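Open the model in your viewer and keep the selection tool at hand. The tour goes from stop to stop.

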Amino acid sequence: LCSLSMAMGLDGCTLVALMLMAASLPVCLAAELSIGISLFFLLPLALRERKRNRLVRTTHCLLFLQALCGVALYRAFMFWGLQHTTAAACGVISSAAPACIALMAYLFLREAMPRNRIAGVVCVSAGVLAVNLAPFLADSAEAAHAIKGNFLALAAVLCEAAFSAMSKARCLPLSALYR
């Protein structure tokens with residue numbers, strides 16, 4: 001429970017940091033800087049691990065698609081979304097990730113969809129719909145701007161869900177560093 005709480009706290013801090021970066025930097029530069037900083041720390045570890053793991057071509061393709069969806073597109077969509085909507089709205093929309101992952105796993109990986117998971121997907125969908133309707137109730141002039149940001153944040157969540165679904169369909173067992 002403590003680890004889960006800490007993880008969710010870090011996730012919330014990430015959105016605030018992304019909001020600050022999106023306000024002061026161009027979207028592509030902000031995304032590249034955030035990826036570059038993590039690459040600085042992870043590349044030496046990956047090169048050391050590479051000596052122990054030889055990957056086949058299909059695994060390389062899957063890892064490329066995961067990186068494209070889960071890193072590049074996720075960050076770009078989230079940065080663009082934060083330029084048009086609030087961090088709070090993006091946080092609520094980001095909470096739809098587990099529901100999107102469940103739907104993608106059901107559709108593409110043929111995983112079972114028990115009733116409680118269906119109920120969770122319905123509840124999350126209602127919450128995301130409520131967040132998207134709220135700007136229309138407050139100020140219709142700002143609504144189009146907020147809706148655009150909310151849809152960009154939802155696109156980021158869908159990219160994150162695709163990343164997670166692809167990590168379940170990996171070709172070879174990989175260390176967590178590569179996933």
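Buried means under 20% relative accessible area, exposed means over 50%, and partly exposed lies in between, with a 1.4 Å probe and protein chains only. Select Phe40: at 62% relative accessibility, Phe40 counts as exposed.

Two notes before moving on. This is a predicted model: local features need pLDDT of at least 70, side-chain atom pairs count only at pLDDT 80 or more, and totals for chains, interfaces and linings use all residues. Residues are numbered from 1 along each chain as its sequence is written, and side-chain values use heavy atoms, with hydrogens and water left out.

**Aromatic pairs**

How many aromatic pairs does a search of the whole structure find? The search finds two. Phe40 and Phe41 form an edge-to-face pair, 5.2 Å centre to centre with 85° between the planes. Phe77 and Trp80 form a tilted pair, at 6.5 Å centre to centre and 55° between the planes. (Rings of Phe, Tyr and Trp, the last by its six-membered ring, pair if their centres lie within 6.5 Å; planes under 30 degrees apart count as stacked, over 60 as edge-to-face and the rest as tilted.)

Stay on Phe77 and Trp80. Both lie in helix α3 (residues 57-82), three residues apart, about one turn of the helix. Helices (H or I, at least four residues) and strands (E, at least two) are DSSP runs, numbered from the N terminus. Phe77 is partly exposed at 22% relative accessibility. Trp80 is partly exposed too, at 34%.

**Nonpolar patch**

Select Ile37, Phe40, Phe41, Leu42 and Leu45. Together they make a nonpolar surface patch of about 540 Å². Leu45 sits in helix α2 (residues 27-50). At 34% relative accessibility, Leu45 counts as partly exposed. Accessible areas come from the Shrake-Rupley method with a 1.4 Å probe; for residues, only the protein chains shown count as cover.

**Cysteines**

A search of the whole structure finds zero disulfides (pairs of cysteine sulfur atoms within 2.5 Å). Select Cys69 and Cys159. Cys69 is in no disulfide, and its nearest cysteine sulfur, that of Cys159, is 5.3 Å away. Cys69 is buried, at 15% relative accessibility.

**Whole chain**

Zoom out. The chain has seven helices and zero strands. Buried residues make up 34% of its 179 residues.

Notes
Patch = residues over 30% accessible without salt bridge, like charges linked within 9 Å, V, L, I, M, F, W, Y side chains within 5 Å. Salt bridge = Lys/Arg side-chain N within 4 Å of Asp/Glu carboxyl O.
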